[in-house]
Amino acid sequence: MGVGPLPEKHAWSLKIRGKIALGYVIILLMLGLFLVIVSNRITSLEKETVFLSDHDIEVHELTYQIEKNVLDMETGQRGYALTGDESYLEPYNNGLVEWRINFAKLNGLIIDNPEQVGNLNNISDNIEKWIDEAGQYVVDLKRNGQDETVSAFFRNDAGKIVIDAIRSQSDYFRDIERTLTNERINNLKDSNHKLLITMYILWGLVALLASLITYLLSASIVNPLHSVIRAINEIAGGGNKSERIKVKTFDEIYELGEATNGLLDTVQRDQWNSEQLTSMSIALQETTDMAALCRIFINRLSLMLEMQYATIFVLNRDELFERRYSYAGAENKEARLSGDLVQPGAGLIGQCALDQRVNIIEHLPEDYVYISSGLGRTAPRFAVIAPIVFENKTVAVLEVAALTRWAPYHFELLDELLQMMGVTVNSVMTRMEIQKLLHDSQVMNEELQVQSEELQVQSEELQVQTEELQNQTSELLTVNKELEDQKSVAENAAIELERYNEQLELSSRYKSEFLANMSHELRTPLNSMLILSQLLTENRNHTLTEEEQGYASVIYNSGSDLLSMINDILDLSKVEAGKMLVEMDAVNLTELPSLLQGYFGKLAEGRNLEFKVTIGAEVPDLFFTDEMRMHQILRNLLSNAFKFTQHGSVSVDVHKLDSYSYMNYAMNESLLSFAVKDTGIGISAENRELIFEAFRQADGTTARRFGGTGLGLSISLQLAKLLGGHISLESEEGAGSTFTLYLPCRELDSGEEPDSLTGQTQAAAASEQAESVRWETQVNSKDLLFEKEFQKLQGRTVLIVDDDARNIFALQKGLEPYEMNILTAQTGYECLQMVREQPDLDIVLLDIMMPNLDGYDTLSIIREELLLTELPIIAISAKTMKEDRERCLTAGATDFISKPVVMKDVVSRMCRWIQDGV
């Protein structure tokens with residue numbers, strides 16, 4: 001209903017009289033411009049005429065003058081040669097000077113014409129040549145008395161050829177100048193012709209502009225008048241009142257248009273108010289319930305007025321104003337702020353009910369109330385509290401909040417709507433009271449009728465019940481006896497089941513303890529064996545032959561294989577015991593191809609196998625699962641694929657599926673499939689279920705072709721189930737196999753947040769890895785790395801604590817090349833004594849599994865009692881469970897290394913922590 005935007009005053013801000021004057025001024029300016037252009041063009045023609053008359057004539061005169069100077073020099077030279085009289089040399093000498101002056105003038109006139117400058121230079125060269133070879137030469141001979149030589153020269157007359165050349169060149173030069181003069185004359189004629197055309201065009205433009213200005217002026221005056229007349233006719237005929245007159249000029253017609261638009265706004269606003277009142281009246285007449293009435297009134301009010309929040313309080317039977325409906329509000333929050341019941345005079349709501357006048361509040365504070373949406377929330381800037389009155393009695397109070405202040409006609413509409421709402425609220429209250437009284441009377445009548453009927457029925461039922469009670473008594477005795485027998489049987493079964501569960505838990509605990517102790521007992525000698533074999537392989541003292549180094553390498557590789565088998569057995573036992581921990585974290589699938597290529601790329605290249613990893617376009621970049629377990633499953637599947645594939649290819653295809661079901665596994669949500677496909681020997685149908693059992697292989701005979709423990713697929717299947725997934729197999733014997741890992745595609749982390757200790761452990765592990773990489777990347781070769789480590793560790797004091805002398809011996813040998821001060825202890829008590837007696841200790845390598853005083857208690861005493869919080873202590877343990885690492889770091893360890901250790905890793909971490917401690 002708004003009036004069109006004001007016209008830009010800088011465009012047409014003139015009155016009608018000014019517009020007419022402006023039109024004449026523009027026409028006069030165009031005529032002046034026309035005169036200026038014609039005048040400039042005539043001046044240019046005059047300059048061209050003067051140039052033609054002065055320049056060309058002077059050029060021709062100078063060429064003749066130069067030619068005359070040459071003839072004068074030739075005449076003087078010949079006269080002197082014949083007579084020997086010096087007076088004949090006067091024209092020769094004058095020509096010798098004047099031709100150069102004329103040449104310079106002519107050269108200045110034609111300097112803009114390179115071709116003529118070249119021709120003039122040729123003439124000059126010939127003149128100089130004649131002077132040198134004929135003119136001055138003959139004069140000098142004559143002066144020296146060599147008359148015979150002069151006569152001989154004139155008999156041959158070599159100078160005549162040069163003079164003829166000068167004449168021909170001068171004629172050629174003048175011909176070119178004549179041609180140029182003719183061209184200038186033609187150009188002058190063309191310019192005169194163009195001047196006439198320009199005059200005609202400019203005259204046409206002036207005429208066209210004058211016509212255009214006349215048309216625009218008349219249109220700017222007549223068109224708005226037509227619009228105003230049309231709008232007034234539409235109003236008179238009851239037509240469309242939403243269209244507005246748009247006048248682009250700021251003159252008397254604009255004022256007329258604005259006045260007409262104002263009239264249209266008033267008429268349309270009155271019509272809109274009438275329509276809103278009519279629609280509200282119809283909607284409220286159809287409502288008989290107070291809650292529905294309040295809801296309909298406020299909801300429709302939000303469409304009519306620009307409001308974002310509202311609540312209404314209605315007078316109840318206790319003469320209190322009760323909150324009946326809130327628009328875009330949170331009921332619980334509002335109840336805490338102002339309450340659901342308001343007494344008259346309490347707060348702005350109660351005071352408004354007493355005063356019976358509208359209260360307008362502006363500049364609301366930020367914490368008054370919040371208007372919320374899906375994207376955010378904000379505080380209103382403007383609020384209205386209005387009473388709803390019927391016959392001088394306040395029957396309800398309405399509170400409205402908005403982001404912008406209302407227009408005056410909004411308040412007029414609100415006043416009329418509140419009057420209508422007052423009548424409707426009173427009508428609904430009266431109707432509800434009548435309905436309540438009617439309902440109460442009906443209920444009382446129905447209750448009396450029911451009571452009379454019940455009395456008759458009860459007398460009949462009493463007789464029947466007496467007979468039934470006798471029968472039920474005998475039945476209850478029988479049922480009670482049966483229930484007691486069933487209860488005793490159930491109690492015995494529960495006791496047996498509880499005893500079986502206790503035995504099962506005890507067996508599982510014994511198994512876990514046995515595997516943990518076995519891991520410790522195996523890893524302890526394996527630790528020293530791997531360290532020493534690694535040192536022998538490195539051959540630092542260069543005392544071993546290549547064959548002996550090969551033996552040491554075989555020992556090291558065999559120990560590593562044994563360590564891998566131990567880890568597989570431990571993983572299987574942890575999965576079966578239900579102690580395998582799953583850490584849900586974001587996995588970046590874009591890094592998977594490079595990661596798997598790093599694991600198996602060299603192996604595929606060495607065996608001449610094609611290896612590729614492809615990821616479908618629909619696969620997300622990130623999803624949540626246990627990344628370490630997922631990589632372990634994929635490595636196991638790829639290891640099997642490469643083991644049983646002699647030629648062809650191995651591939652990994654990753655795709656996203658909407659659902660999947662196979663036998664006893666079904667997933668109705670989205671999931672990812674990792675298909676590991678090979679072209680190996682394949683698996684027969686009878687062995688497809690067998691290969692997923694622990695310690696079982698498709699070929700388990702003593703003459704089998706391929707090695708392995710048979711744990712990889714069993715562990716992979718258990719880990720897949722632990723991650724909520726599944727592994728399927730498709731294979732054809734002799735054609736290859738496809739193992740497919742299915743994992744839920746969790747693109748949002750739905751798991752619980754890890755506790756603070758786990759978070760600290762993960763942060764510490766990430767810090768260790770980052771620091772280790774930073775330390776190792778400081779150097780680019782083994783020799784330089786050793787030199788850096790040697791400089792860092794030389795002269796430092798290290799305490800090695802381990803109850804196994806073999807491990808101490810292995811670590812001592814590994815650290816000997818660094819010339820460190822090595823102290824040893826075989827118990828926790830010896831370690832504490834060493835720490836007290838040696839305050840200059842730089843680092844401690846502490847074994848965890850020790851008799852009497854283990855590593856955990858030793859760490860606690862060093863940190864808490866001896867207060868050596870800055871001393872770096874690296875815990876070394878054969879236990880590899882995650883909780884063991886966390887327990888060590890919680891007890892006070894600076895770092896953690898699992899057995900068997902790698903000397904390179906031990907030295908790298910020692911360098912890092914000693915460096916951090918300095």
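Is Lys813 buried, partly exposed or exposed, and what is its relative accessible area? Lys813 is partly exposed, at 32%. Buried means under 20% relative accessible area, exposed over 50%, and partly exposed in between (1.4 Å probe, protein chains only).

The legends below describe a predicted model, in which local features need pLDDT of at least 70, side-chain atom pairs count only at pLDDT 80 or more, and totals for chains, interfaces and linings use all residues. Residues are numbered from 1 along each chain as its sequence is written, and side-chain values use heavy atoms, with hydrogens and water left out.

**View 1. Lys813 pairs with Glu816 in a salt bridge.** A salt bridge is a side-chain nitrogen of Lys or Arg within 4 Å of a carboxyl oxygen of Asp or Glu. By this rule the count comes to five salt bridges. Here the closest N and O atoms are 3.5 Å apart. Glu816 is partly exposed, with a relative accessible area of 45%.

**View 2. Arg909 forms salt bridges with Asp895 and with Asp905.** The closest N and O atoms are 2.9 Å apart in the Arg909 and Asp895 pair. Arg909 lies in helix α21 and Asp895 in strand β22 (residues 895–898), so this pair ties together parts that are 14 residues apart in sequence. Helices (H or I, at least four residues) and strands (E, at least two) are DSSP runs, numbered from the N terminus. Both Arg909 and Asp895 are buried. For Arg909 the relative accessible area is 14%.

In the Arg909 and Asp905 pair, the closest N and O atoms are 3.0 Å apart. These two residues sit four residues apart in helix α21, so about one helical turn separates them. Asp905 is partly exposed, with a relative accessible area of 23%. Salt bridges that share partners join Asp895, Asp905, Arg909 and Arg912 into one network.

**View 3. Arg912 is a buried residue of the network.** Its relative accessibility is 1%. Arg912 lies in helix α21 (residues 903–917). Lys792 is 120 residues away along the chain, yet the C-alpha atoms of Arg912 and Lys792 are separated by 9.2 Å.

**View 4. The largest nonpolar core has 37 residues.** Such a core is a set of buried Ala, Val, Leu, Ile, Met, Phe, Trp, Tyr and Cys residues joined through side-chain atoms within 4.5 Å. Phe611, Leu638 and Phe674 have the most contacts inside this core. At least two core residues come from each of α12 (592–606), β10 (610–615), α13 (627–643), β12 (649–657), β15 (671–678), α14 (712–722), β16 (726–732) and β17 (736–744). Helix α13 supplies the largest share, seven residues. In soluble globular proteins, nonpolar side chains tend to be buried together.

**View 5. Four nonpolar residues form a surface patch.** Ile197, Ile201, Leu205 and Leu208 make this patch of about 370 Å². Patches are made of residues with over 30% relative accessible area and no salt bridge; like charges are joined within 9 Å, nonpolar side chains (Val, Leu, Ile, Met, Phe, Trp, Tyr) within 5 Å. Accessible areas come from the Shrake-Rupley method with a 1.4 Å probe; for residues, only the protein chains shown count as cover. Leu205 lies in helix α5 (residues 158–237). At 43% relative accessibility, Leu205 is partly exposed.

**View 6. Ala165 belongs to helix α5.** Ala165 is partly exposed, at 25% relative accessibility. Asn122 is 43 residues from Ala165 in sequence, and their C-alpha atoms are 9.9 Å apart.

**View 7. Asp270, Glu412, Asp415 and Glu416 gather in a negative surface patch.** Lys and Arg count as positive and Asp and Glu as negative; His and the chain ends are not counted. The place of a charge is NZ of Lys, CZ of Arg, CG of Asp or CD of Glu. Helix α10 (residues 408–538) gives the largest share of the patch, three residues. Asp270 lies in helix α6 (residues 252–285). Asp270 is partly exposed, with a relative accessible area of 46%.

**View 8. Gln356 and Asn852 have positive phi.** Most residues other than glycine have a negative phi. Gln356 has a phi of about 55°. Gln356 sits in the loop between α9 (347–355) and β4 (359–362), and is partly exposed at 32% relative accessible area. Asn852 has a phi of about 65°. Asn852 lies in the loop between β20 (843–847) and α19 (855–865), and is exposed at 73%.
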